[in-house]
Amino acid sequence: MILACLCSLAWVALDLLRKALVEQHRDPVTVAAIAPLGAAIGCSLYVVFNGYSLPPPPAVGWWLFTLLCAANLAGNYLFIRALFLGEISAVLPVFCMTPVVGSLGAWFVMGEYLNTSGFIGVSMVVIGTWYIVRTGGASSAAGVGSMIGAVLCWGMAPVLDKAIIGTGWSLWTYMLLALWSVALPLMLERVIRAPRRLIQVVQKTPWLIMALVPTGAAALGLQLLAVVQIEVGLLEAIKRAGVVLSVVLAARMFGERSAWSRLPFMVLVISGVFLLAFDRSDSRFLILYSVSTLCLVGLVGTILKKLQAVPIEES
């Protein structure tokens with residue numbers, strides 16, 4: 001659980017770093033190339049430093065790996081483009097729908113059916129995300145389409161991960177191959193088509209780019225260390241819970257005033273994700289869980305309205 005919480009915090013830091021780069025350069029294509037490279041370098045150093053063995057992959061599973069690489073390439077670009085177009089507190093919560101896509105994908109591809117709690121969890125995530133997107137007007141709508149595309153690309157990744165590793169691939173070999181298969185093509189495209197732009201980005205924000213290396217290594221490394229100790233669904237739920245912290249920090253770091261109004265609906269989304277992770281079908285539990293969630297959403301909304309009204313009353 002500690003590893004999962006640290007992993008969630010590392011992903012929060014990585015998302016904020018990517019948003020900061022986009023804010024500085026307004027060039028989503030170059031940032032989309034640099035971010036995966038930092039993560040790939042960081043994870044490679046992590047694997048070498050810890051002396052993990054890297055056995056060659058088997059002959060099976062390569063067509064699934066090719067499909068995963070194509071989805072990751074598209075997902076990386078669409079994710080950065082969403083951060084470029086919209087407010088992070090509006091578009092990042094949409095990313096919480098990846099467990100929904102993964103659950104539906106597992107249902108269709110692998111026959112892992114959704115029970116009553118699964119459908120309720122999916123409904124909570126979808127409804128909460130809809131309210132988040134409609135809060136804030138045009139600034140919220142911008143970038144949502146790109147983030148939905150990233151969700152569709154990355155939502156199937158856990159299903160593909162499970163299928164590929166199930167064919168006998170080593171965990172660390174698989175991770176490094178997946179990272180470099182995304183980082184190298186994106187960086188090669190920038191070196192060929194826009195080398196000057198790439199140099200300018202590096203010269204202007206060297207510290208931000210350097211920070212991607214340890215942050216990316218921490219996020220992905222901790223994720224793999226945690227996934228062998230706890231259930232994948234629980235790990236994904238804890239990771240998505242970190243989005244709440246991202247929304248709060250975005251309000252302070254990037255001046256997104258409408259971020260606070262999205263927090264109550266974030267409670268609904270995260271509760272839906274956790275319900276998907278725990279997969280509880282008991283009717284009394286589901287009723288209690290749903291009522292408690294709605295009460296918590298109302299309580300958070302009331303507290304935020306009171307806090308926002310204080311400056312107005314004093315003036």
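Leaving aside neighbours within four places in sequence, F79 is in contact with D15, R18, L92, F95, M147, A150 and W154. That is one residue in a predicted model. F79 also stands out in the largest nonpolar core, which has 70 residues. Along with M147 and M175, F79 has the most contacts inside that core. A second core is separate and has ten residues. Among them are F65, L68, I164 and Y174.

Now step back to the whole chain. It has 15 helices and zero strands. Of its 315 residues, 51% are buried. Consider next the contacts with a separation of 6 or more. Residues 24 or more positions apart account for 87% of these.

Helix 3 covers residues 62-85, and helix 8 covers residues 144-155. Their axes come within 8 Å and cross at roughly 155°. Angles over 145 degrees count as roughly antiparallel. Helix 3 and helix 8 are therefore roughly antiparallel to each other. Their crossing is left-handed. Which residues of helix 3 and helix 8 make the contact? Helix 3 supplies A71, N72, A74, G75, N76, L78, F79, R81, A82 and L85. Helix 8 supplies S146, M147, G149, A150, C153 and W154. By class, this contact has ten nonpolar, five polar and one charged residues. F79 is part of it on the helix 3 side.

Finally, turn to helix 15, which spans residues 283-314. Is T293 buried or exposed? Its relative accessible area is 5%, so T293 is buried. Leaving aside neighbours within four places in sequence, T293 is in contact with M124, V267, L268 and S271.

K305 lies in helix 15 too. Its relative accessible area is 62%. The cut-off for exposed is over 50%, so K305 is exposed. Where does W260 sit relative to K305? The two are 45 residues apart along the chain, and their C-alpha atoms are separated by 9.4 Å.

Conventions:
Residues numbered from 1 in each chain as written. Predicted model: local features only at pLDDT ≥ 70, side-chain atom pairs only at ≥ 80, totals over all residues. Heavy atoms only, no water. Axes fitted to C-alpha atoms, helices over the stretch in contact; angles between N-to-C directions. Helix = DSSP H or I, 4+ residues; strand = E, 2+ residues; numbered from the N terminus. Parallel < 35°, antiparallel > 145°, perpendicular 65-115°, else oblique. Left-handed = near helix turned anticlockwise from the far one by under 90°. Contact = heavy atoms within 4.5 Å. Nonpolar A, V, L, I, M, F, W, Y, C, P; charged D, E, K, R; others polar. Core = buried A, V, L, I, M, F, W, Y, C linked by side-chain atoms within 4.5 Å. Buried < 20%, exposed > 50% of the residue type's maximum accessible area, 1.4 Å probe, protein only.
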